[in-house]
Each structure stands twice: as structure tokens, then as C-alpha cells.
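Here is a short note for someone opening this entry for the first time. Please read the points with the model in view.

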Amino acid sequence: MASGTPVGQSGNTFTYRSTAPVASYATTLAVGRYRKLAATGPRGIPVTTWYRAKDAQYLPMFKRSPAFLTWLEERFGPYPFDSTGLVMVESNSAMETQQMVTLGEVQPARGDQMFDLTTLHEYAHHWFGDAVTLTDWRDMWLNEGWALYVQKLYEKDRYGLSDAELVKSSRQRDGELRKEYGPPSKPDRAEFGATNVYTCGAAMLRQLHQALIDAWLDSPTTPPETGPLPR
Ligand SMILES: [Zn+2]
């Protein structure tokens, strides 16, 4: 299984093709005995989950991909590619590989909430990190700040995280992480992808989002040109 859109099979050769540009770090390849769960996402996008026999217990979770994509489309516009899905692998991590999220088996084992937030985070990267990507790793906070902020918006919407809790924890962690790791746009080579890259970027986006809402509330008769009141 590989990222991209499947275009055929000849014997043991499977061919995938990307019609959209893809950053080298956002490609994936998985080899094994896979089963296929086919679904349809918003606007008819094919959503395919590739899982191993031992992952069958997580099928109810895998079936939530179209709902995640619908939630994301309602906020950020159309999903930027022509197919998507998940591939399960032996790993602890999760990665926003373009058109097919690579998901370590540890993720669904952590339960519904962790699965939802992690998978939603990786799908969110398709708007923030995949369709628009970085030039070099100093800009990684733009990828991860957005993906974490989107994840927090989902947590507020579906899991009852309050805005006060989000602000309190963001402010506290922002200060702690800047002391420990420095500013998120100047990452330490020895600490690739440290938490400051995630949390400090998300904290900044929450403040910008609030400023947009405040500006709208100050003059509600002139709604933003791009759509309804930011959520
Ligand atoms: Zn991420």
C-alpha cells in the first residue's frame, strides 16, 4: 500500500500515482497482508482503510473517517486531494502522509477519544502541512500549530473541552516550553519536533481566532466576507 491514488495492479506490482505535488516526507509505503475497508467521504471522495486481521477490532473507529472529513470540510473548505484513508502499521506514531494517513497500532488501542483526536489531527494536516507545506523545518510550527489547534477545536466541539481550559493550559505550557526549547520558529536540531512547535503555534492561533471573533462581535452587521462567524 502506498500514498497516492491506486491506478492498477499487475501480478504483485501495485501502482499508485499522485496527481498533486507531494513533499518527500509525506509519502508512505506499507507491505503486508492487508484487508480493505472502502467508504465514501464528503463530495464522493474515496476513503480507504487498509488494516491487518488483528486490527479488525477497531473497525468501528476506522468507519469514522468520513465524519472527520465532513467536520473539517465544514470549517476549512474542500479536502485538497482526490482520495484519502488510513493504513495501519506496527508503530507508536501517526503521520500525515498525503492521501493516506499512516497510523501506528498503538493509536486505536488508546481508546476512542485518543483515536479520534489523533486521526483528526492527521487529516487536518492535509490542509495545513500537505496541501501547503514548509520550505524548511523552521516553519514546522505552522504545520503542527494548525493541526493541534484544529484538534483542540474538535475537542471543544465533541469532547467538552472548555475555552477557559484551553486558554489556561495553552498559556502555561507556552511559557514553560519556550523556556525549555526556545521559540518554536528556531527549533533545536537535537530536539526535532519538540512540543513547543505544536503548543506555542496552537496558542498563537487561538489568540488570532479570538481576535477575529471579537472584531466580528464589535460590528456584527458586517459579517466576514468569507463566510459565517468563525467558530
Ligand atoms: Zn502533526
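1. Start with the metal site. In sequence, the donor residues of the zinc ion follow the pattern H-x3-H-x18-E. Donors here are N, O and S atoms within 2.8 Å of the metal (3.2 Å for Na, K and Ca); water is not among the atoms, so sites may look incomplete.

2. The protein donors are H121 (NE2), H125 (NE2) and E144 (OE). They lie 2.0 to 2.1 Å from the zinc ion. H121 and H125 are both buried. Buried means under 20% relative accessible area, with a 1.4 Å probe and protein chains only.

3. A word on the basis. This is a predicted model, where local features need pLDDT of at least 70 and side-chain atom pairs count only at pLDDT 80 or more, while totals for chains, interfaces and linings use all residues. Residues are numbered from 1 along each chain as its sequence is written, and side-chain values use heavy atoms, with hydrogens and water left out.

4. The protein chain has eight helices and seven strands. These are DSSP runs: helices (H or I) of at least four residues, strands (E) of at least two.

5. Now the overall build. The C-alpha atoms of the protein chain fill a box of roughly 60 × 45 × 35 Å along the principal axes. Of the 231 residues in the protein chain, 44% are buried.

6. Contacts next, meaning heavy atoms within 4.5 Å. Take those in the protein chain between residues at least 6 apart in sequence: 60% join residues at least 24 apart.

Conventions: Buried means under 20% relative accessible area, exposed over 50%, partly exposed in between (1.4 Å probe, protein chains only).
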